[in-house]
Amino acid sequence: MADALAVGELIGPVHGALPAAGFGAVPGEDASPQLLLASAAVALSEARDQAAESALAATERILNGLPDDAERTARFALARIRFGLAGQRGDLALAGAAVAAAAKLLNNRPEGLPAEDPELVAQLLSARGVVELWRGHLNEAAALFGRAAELLDDLEYRLDPGQPAPPGRRHQLAGCLGYRALVDVLRNRPRAALKFADTRGQVPGAGLAAHGDPASALALALVYLDAGDLCTARGQLRRADAALRAHPNRLLAAIGGLVGARSRLSEGSPAAALEIIERSRHGWSPPSWRSEERRVGKEWSSRWAPY
């Protein structure tokens, strides 16, 4: 049930075809790693981080008593859920450690085993992209999201005609494209951002997610804000806020806050803009680059400093 790919179906706004409702409570200490991971994945998707942490800690106790090469898929799933938990908490060190653990598992594959599933590779590439974005390495992040999306898109075309793609895979592809759009607009490439954000809306079945993809919505909000279309930008911000309330992510929430601050400046509310910026700095590992924060500062200086 809860191998690395099945866990992917349980994480996020789309639970896929798996019976997520059966994993609402943390299993007992005698549960299998697979059952504990499934419970952790569902708890993460529902923003119950303490329940997810409890299930992950129990999984680690079991796996620590096994040989290093045992339960490789469970270890990969554990790293992936840890990465998601890091995103909710805004913990860059935890995110980096989870990515390193997953990469080690894929790179140190025992001889005689088949090549790793391309979907697992895409999950790792996407996670590395988020970490690079968090660190401010925008070009590296763009390349990683692009490679992950290509792998996932290629998997779509490999399906037999009439065979639907798993909802979790569609969600992952939408997320990769949304992040790529966000990175491009942060690199001052709005046309490229629009291309990837628009493509996200055409991913088959992506609309199954109740709130859509927040990274794509933030990218579009920035594009429209730069174009002076405040009404459309605010609509995209509301869409991103709704998604992030349901499925928190501190990095995206901070970017959204800075976009919101620029919007408030454009509306003539500098005090509200500064309050948003101040809130975005505390309680997590904020990115050191924060180009949007500097942009808000420039707009503040040009609009309000003379007064």
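1. The side chains of Arg187 and Asp184 form a salt bridge, with N and O 2.4 Å apart; the term denotes a side-chain nitrogen of Lys or Arg within 4 Å of a carboxyl oxygen of Asp or Glu. Asp184 also meets the side chain of Arg180 in a salt bridge, at 3.0 Å from N to O. Asp184 and Arg180 stand four residues apart in helix α8, which puts about one helical turn between them. Arg187 and Asp184 are buried, and Arg180 is buried as well. Here buried means under 20% relative accessible area, exposed means over 50%, and partly exposed lies in between (1.4 Å probe, protein chains only).

2. The model is a predicted one: local features need pLDDT of at least 70, side-chain atom pairs count only at pLDDT 80 or more, and totals for chains, interfaces and linings use all residues. Residues are numbered from 1 along each chain as its sequence is written, and side-chain values use heavy atoms, with hydrogens and water left out.

3. The protein chain contains 14 helices and zero strands. Both are DSSP runs numbered from the N terminus, helices being H or I with at least four residues and strands E with at least two. Along the sequence the pattern is α-α-α-α-α-α-α-α-α-α-α-α-α-α. Of the 307 residues of the protein chain, 51% are buried. Among contacts in the protein chain with a separation of 6 or more, 66% come from residues 24 or more positions apart, where contact means heavy atoms within 4.5 Å. The accessible surface of the protein chain is about 14,000 Å², and 53% of that surface belongs to carbon and sulfur atoms; accessible areas come from the Shrake-Rupley method with a 1.4 Å probe, and for residues only the protein chains shown count as cover.

4. How many salt bridges are there by this rule? The count is 11. Arg48 is partly exposed at 27% relative accessibility, and Glu46 is partly exposed at 40%.

5. Two residues deserve a check of their backbone angles. Most residues other than glycine have a negative phi. Ala47 has a positive phi, near 60 degrees, and is a residue other than glycine. Ala47 is placed in the loop between α2 (33-45) and α3 (49-64), and is partly exposed at 31% relative accessibility. Glu71, also not a glycine, has a positive phi of about 55 degrees. The loop between α3 and α4 (72-89) holds Glu71, which is partly exposed with a relative accessible area of 30%.

6. Which aromatic pairs does the model contain? Rings of Phe, Tyr and Trp (its six-membered ring) pair if their centres lie within 6.5 Å; planes under 30 degrees apart count as stacked, over 60 as edge-to-face and the rest as tilted. Trp134 and Trp284 have ring centres 6.1 Å apart and planes at 35 degrees, so this pair is tilted. Trp134 belongs to helix α6 (residues 118-135) and Trp284 to the loop between α13 (270-280) and α14 (291-303), so the pair ties together parts 150 residues apart in sequence. Trp134 and Trp284 are buried.

7. Phe145 and Tyr179 have ring centres 5.0 Å apart and planes at 10 degrees, so this pair is stacked. Phe145 is part of helix α7 (residues 138-158) and Tyr179 of helix α8 (residues 167-186), so the pair ties together parts 34 residues apart in sequence. Both Phe145 and Tyr179 are buried.

8. Helix α10 (residues 214-226) has 13 residues, which at 1.5 Å a residue should span 18 Å; its end C-alpha atoms are 18 Å apart, in agreement. The expected span is 1.5 Å times one less than the number of residues. In α10, 11 of the 13 residues are buried, including Pro214, Leu218 and Leu225. Gly228 follows α10 and has a positive phi, near 85 degrees.

9. The structure holds zero disulfides, a disulfide being a pair of cysteine sulfur atoms within 2.5 Å. Cys176 is buried, with 1% relative accessible area, whereas Cys231 is exposed at 56% relative accessibility.
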